Amino acid sequence: MSKSRNQLQTRRGAILGSIAETTVSTVRRSVRLVEVLIVLGFWMTMSELYASLQHYRGLIVADQDPTFVPPKTGVRITYLGTNAYLLQSRDAALLIDPYFSRAGLFRAAWDLPVASSRSLIERYLPVRRIDAVLVTHGHFDHLLDVPEIVALTGARLIASATSVQLARSAGVPSEKCVVVTAGEKVSLRGATVNSLPAKHDRLFGRVPFDGPVRRLPPRTAGDWVCGEPLAFLIEMGGRRIYIAAGGRPNGDFSASLGRIDLAILGVALPDSRKRLAQTLEQLRPRYVLPSHQDNFFLPLSRGFVFGPMTDFPGVIRVFRNAPTGSRLILVDYFRPWTLP
């Protein structure tokens, strides 16, 4: 009788546990659905108000020559969407956070499988000569296309330990990987890459897809975890370029980086915009290029559309109140501009 009672209690406990697990899962999915709806609401509003860069065409800079030929002097910068840039000097070519495959909003929000598209990479990657790919963190909109790009170009990957772990599991050969931590320097032919500390923006109070590696090789959007975010100070072509995908306000930002010719600053979310005034004051760059502002859930063929939670008018207000002597600029998709 006692044994039968224990079995009944065990079965009852298992059933209650299953119900609780199902309830928690349902609540989590409901919370995610609410977040998706909020994002969609932002997207609809912002798309109507600030549809494209042409609202700010007075800030757009571009070379008269639209080709992707390396410059004889200086650095040629080509914006490839999201936080992706091609930097070319006479002696070097670097690719930052390349992302062409463009997973949709619902696929990302519901943590569904995402895949790199070789055909889209071949269509949109402007050149095949790439010395190194630099990745600021491991999210799919920064790292997903890197394995295919390394295979296509033979470039080296420079990134944090977690990003390299994800990329290697997705097919990047270990000999092509350079693991860096904040404070380290990598010397390349014609360029030097300094890795700097960074923090990722929060979305609805938390860093998206944070935590330890979940699955290798990564399959869903959430498998591409953030890892250890980095910023980079790149020295090439006689210019010094600082690039960060964004980040939370904090007091550990270094003001001792020396002369900065161009600061490419992610401003997609409120955290990084709160930090913008401090960043401008400490960097005092000659040029400021706000980044990660486009809606990266849309295909590149749609052209530049401001993202659902961006606030470029707010960025302009912060810039005007920061007496740094910098010039605010914008660049459009695939329209090269040479940093003088």
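## Cysteines and disulfides

A disulfide is counted here when a pair of cysteine sulfur atoms lies within 2.5 Å, and by this rule the count in this predicted model comes to 0 disulfides. In general terms, a disulfide is a covalent bond between the sulfur atoms of two cysteines.

Are Cys177 and Cys226 buried or exposed? Since the cut-off for buried is under 20% relative accessible area, Cys177 counts as buried because its value is 15%, and Cys226 is likewise buried because its relative accessibility is 2%.

## The sheet and a helix packed on it

An open sheet is formed by 7 strands, which follow the order β7-β8-β9-β10-β11-β12-β13 with mixed pairing. At its edges lie β7 (185–188) and β13 (327–328), each of which pairs on one side only.

Within this sheet, strand β11 (residues 262–266) runs parallel to strand β12 (residues 287–291), and 5 bridges join the two; Ile264, for instance, has Leu289 in β12 as its bridge partner. Helix α7 (residues 270–283) packs on the sheet, where it touches β10 (239–244), β11 and β12, and the direction of α7 makes about 165° with that of β11.

## Confidence in the model

The average pLDDT of the protein is 88, and 83% of the residues score at least 70. Where pLDDT is low, the predicted coordinates should not be read in detail.

How values were computed:
Residues numbered from 1 in each chain as written. Predicted model: local features only at pLDDT ≥ 70, side-chain atom pairs only at ≥ 80, totals over all residues. Heavy atoms only, no water. Pairing = 2+ DSSP bridges. Helix = DSSP H or I, 4+ residues; strand = E, 2+ residues; numbered from the N terminus. Contact = heavy atoms within 4.5 Å. Axes fitted to C-alpha atoms, helices over the stretch in contact; angles between N-to-C directions. pLDDT = per-residue confidence, 0-100. Buried < 20%, exposed > 50% of the residue type's maximum accessible area, 1.4 Å probe, protein only.
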